[in-house]
Amino acid sequence: MRPLTETVPKPALTLVDRPFLAHMIEWLAGHGVTEVVLACGFLPGVLREALIGEEGRAGVSIRYVVEPEPLGTAGAIRFAADQLGDELDDRFLALNGDVLTDLDLSALLKSHADQRSGAPFPPHGWEKRTGTGSQATIGLHRVDDSSAFGLVRTGEDGEVLSFTEKTGEAVPGEVNAGMYVLERSVVDLLPPGRECSIEREVFPRLVGEGLFAATLDGYWVDIGTPERYLEASWDILEGRVETRVEPTGPGVLVDPAAEVDPAATVGPRAVVGAGCRVAAGATVTGSVLLAGSVVGEGARVEGSILAPGATVADGAVVSDAVAGPDERVPA
């Protein structure tokens with residue numbers, strides 16, 4: 001997502017009308033979550049500032065823990081758990097922070113509870129357990145093209161049987177959606193103080209040891225590229241994913257603090273953020289203008305993203321591009 005994320009962590013990047021992570025916090029709140037812990041790495045202060053007021057809007061408490069160095073997905077969970085200490089519940093959710101989704105999280109929690117028998121997990125070692133139910137449940141999502149993802153194979157009862165690394169083949173399958181229900185006892189299996197991947201180092205070793213999965217219905221997309229960022233924007237505005245966003249027109253959102261000349265054309269598909277200016281004769285289609293960006297007279301912006309403060313000169317054409325913060329695009 002560079003240059004958009006050079007000075008802003010991806011979770012703080014504006015997606016339509018609010019920080020990307022705000023959409024996810026609101027989704028969590030909709031499934032009964034009341035406490036959110038954010039394991040932060042890159043520019044945690046920027047993320048905290050972006051989410052000011054989100055606790056009140058979503059009705060949750062937010063705590064920030066800052067990793068001293070990148071620790072990976074498992075390392076981040078262990079670090080956050082150690083910071084929380086006795087405040088960590090016996091059962092908790094762990095989620096990736098880089099996907100837009102409205103998958104049925106309540107169904108994942110129910111699936112885990114149904115599998116869980118209540119027997120304790122061995123705190124040391126990886127001894128074979130019998131009859132103890134689920135210690136970890138992975139949320140899965142079915143995709144038509146799994147070439148960029150690892151596939152997860154499950155039995156009829158939902159027990160995970162195997163993981164298949166990225167094959168590069170465009171075949172349908174069920175992939176790890178980056179959302180997990182974990183028993184607190186699993187934290188003891190996560191190595192402290194070092195980088196560790198829960199997907200590559202922990203889950204494969206839990207196969208046959210109480211690792212289950214549930215396929216969830218709904219919307220799911222990783223916004224890790226400009227193309228997917230734009231796709232997610234239109235999916236929000238056109239109602240393909242459930243959010244709290246209220247478009248100002250079909251497939252369009254113009255912030256009340258933006259200035260759009262009556263002789264300009266905005267849409268189909270466009271986001272014009274706060275403080276933006278679109279001059280007379282300009283056309284903005286299939287594009288996102290982030291806060292404070294400017295489109296000059298007679299300019300055209302198509303299929304593009306303008307970072308905060310970017311300026312498109314009079315008569316310039318920007319097509320399928322990303323303009324960086326405060327960048328000036330000449331005619």
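**Close-up views of a predicted model**

**View 1. An aromatic pair formed by Tyr180 and Phe203.** Tyr180 has a relative accessible area of 2% and is therefore buried (under 20% relative accessible area; exposed is over 50% and partly exposed lies in between, with a 1.4 Å probe and protein chains only). Phe203 also counts as buried, at 0% relative accessibility. The model is predicted: local features need pLDDT of at least 70 and side-chain atom pairs count only at pLDDT 80 or more, whereas totals for chains, interfaces and linings use all residues. Residues are numbered from 1 along each chain as its sequence is written, and side-chain values use heavy atoms, with hydrogens and water left out. The count comes to one aromatic pair, where rings of Phe, Tyr and Trp (its six-membered ring) pair if their centres lie within 6.5 Å, and planes under 30 degrees apart are stacked, over 60 edge-to-face and the rest tilted. Tyr180 and Phe203 are edge-to-face, 4.9 Å centre to centre with 75 degrees between the planes. Because Tyr180 lies in strand S10 and Phe203 in helix H6, the pair ties together parts that are 23 residues apart in sequence. Helices (H or I, at least four residues) and strands (E, at least two) are DSSP runs numbered from the N terminus.

View 2. Helix H4 spans residues 72-84, 13 residues in total, and reaches 18 Å from its first C-alpha to its last, close to the 18 Å expected (1.5 Å times one less than the number of residues). Its buried residues include Ile77, Phe79 and Leu84. Just after H4, Gly85 takes a positive phi of about 60 degrees.

**View 3. Strands S3 and S4.** In a regular strand the side chains alternate between the two faces of the sheet. Strand S3 (residues 35-40) has Val36, Leu38 and Cys40 on a covered face, and Glu35, Val37 and Ala39 on an uncovered one. S3 pairs with strand S4 (residues 61-66) in the parallel sense over six bridges (pairing requires at least two DSSP bridges between two strands). Cys40 stands opposite Val66 in S4.

**View 4. An open sheet of five strands.** The order is S13-S16-S19-S22-S25, and the pairing is parallel. Strands S13 (252-254) and S25 (322-323) stand at the edges with a single partner strand each, so one side of each is left without a neighbour in the sheet. Strand S22 (residues 305-306) pairs with S25 over two bridges, and Leu306 stands opposite Ala323 in S25.
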